[in-house]
Amino acid sequence: VALPYRKDREEIAKILNSVDSKATELKRAWSLKRSMNRLPDKKEKAFKEAQKFFDKGRAIRLTEEEDKRQKEQGMPIWYLPCHVVYQKGKWRFCHDGRAMTNGICINDLLINDLNLMNPLLDPIMNIRSFIYGFSVDIEAFFHNVLLDEKDRGAFRFLWYEDQRMKELFTSIFLRYTFGSSAAPSATTFALQFHSDQLKGVVSDG
């Protein structure tokens, strides 16, 4: 699913590529290192989640060839700082789409106000029509929706070569991230699209 930009991709590329978001990400990465050195449990969680990204194919290292291709084709390029926050009793790993570089923020350039979710009252009322009702959760929902290849350069990020955290390497996140303002709308669109495609194929009964 392509990123829902507020302007056409070429114009967005000019805006994002006009500033050095990598420099912002570098500062944040070394700041995160200091924080994780003070908090071993935060460090453990962060490295565990990052490794899961690579093991499950959600992220890959950026090769020189891919970097060259993205730049030659004028693709939007943006670095998302890694952000590890403590919420509801545990550490959560996300990418900071709100990070600014010279007044530019990728979240501000994305359409993020599409109301595609089912109204809350709908499932509450519909459940009265059946004998049984149940709810389900899609694990790491955002991470299950692939990003359009033309937009992958906009989800770059830096990570550490090892737990000594002395060197960094550049990676690309291939899926929608927690931290992108477009993720709820884009992933809900993908879910509804596939649901519509399966109508008549999967029985309602």
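The model is predicted: local features need pLDDT of at least 70, side-chain atom pairs count only at pLDDT 80 or more, and totals for chains, interfaces and linings use all residues. Residues are numbered from 1 along each chain as its sequence is written, and side-chain values use heavy atoms, with hydrogens and water left out. Strand β4 is largely enclosed by the rest of the structure. Twelve salt bridges are present.

**Strand β4**

- Strand β4 spans residues 156-160. Helices (H or I, at least four residues) and strands (E, at least two) are DSSP runs, numbered from the N terminus.
- Five of its five residues are buried, so the rest of the structure largely encloses β4. Buried means under 20% relative accessible area, exposed over 50%, and partly exposed in between (1.4 Å probe, protein chains only).
- In a regular strand, side chains alternate between the two faces of the sheet.
- One side of β4 carries Arg156, Leu158 and Tyr160; the other carries Phe157 and Trp159. Both faces are covered.
- β4 runs antiparallel to strand β5 (residues 168-173), and five bridges join them. Two strands pair if DSSP finds at least two bridges between them.
- Tyr160 has Leu168 of β5 as its bridge partner.

**Salt bridges across the chain**

- Side chains of opposite charge can pair when their charged atoms come close. A salt bridge here is a side-chain nitrogen of Lys or Arg within 4 Å of a carboxyl oxygen of Asp or Glu.
- Asp67 and Arg156 form a salt bridge, with their closest N and O atoms 2.8 Å apart. This pair links distant parts of the chain: Asp67 sits in helix α4 (residues 64-72) and Arg156 in strand β4, 89 residues apart.
- Both partners are buried: Asp67 has a relative accessible area of 19%, and Arg156 has 1%.
- Glu149 and Arg69 form another salt bridge, at 3.4 Å between the closest N and O atoms. This pair also links distant parts of the chain: Glu149 lies in the loop between α5 (121-126) and β4, Arg69 in helix α4, 80 residues apart.
- Glu149 is partly exposed at 45% relative accessible area. Arg69 is partly exposed at 22%.

**A network with Lys45, Glu49 and Lys52**

- Salt bridges that share partners join Lys45, Glu49 and Lys52 into one network.
- The side chains of Glu49 and Lys52 meet in a salt bridge of 3.2 Å, N to O.
- Glu49 and Lys52 both lie in helix α3 (residues 40-55), three residues apart, about one turn of the helix.
- Glu49 is buried at 13% relative accessible area, whereas Lys52 is partly exposed at 27%.
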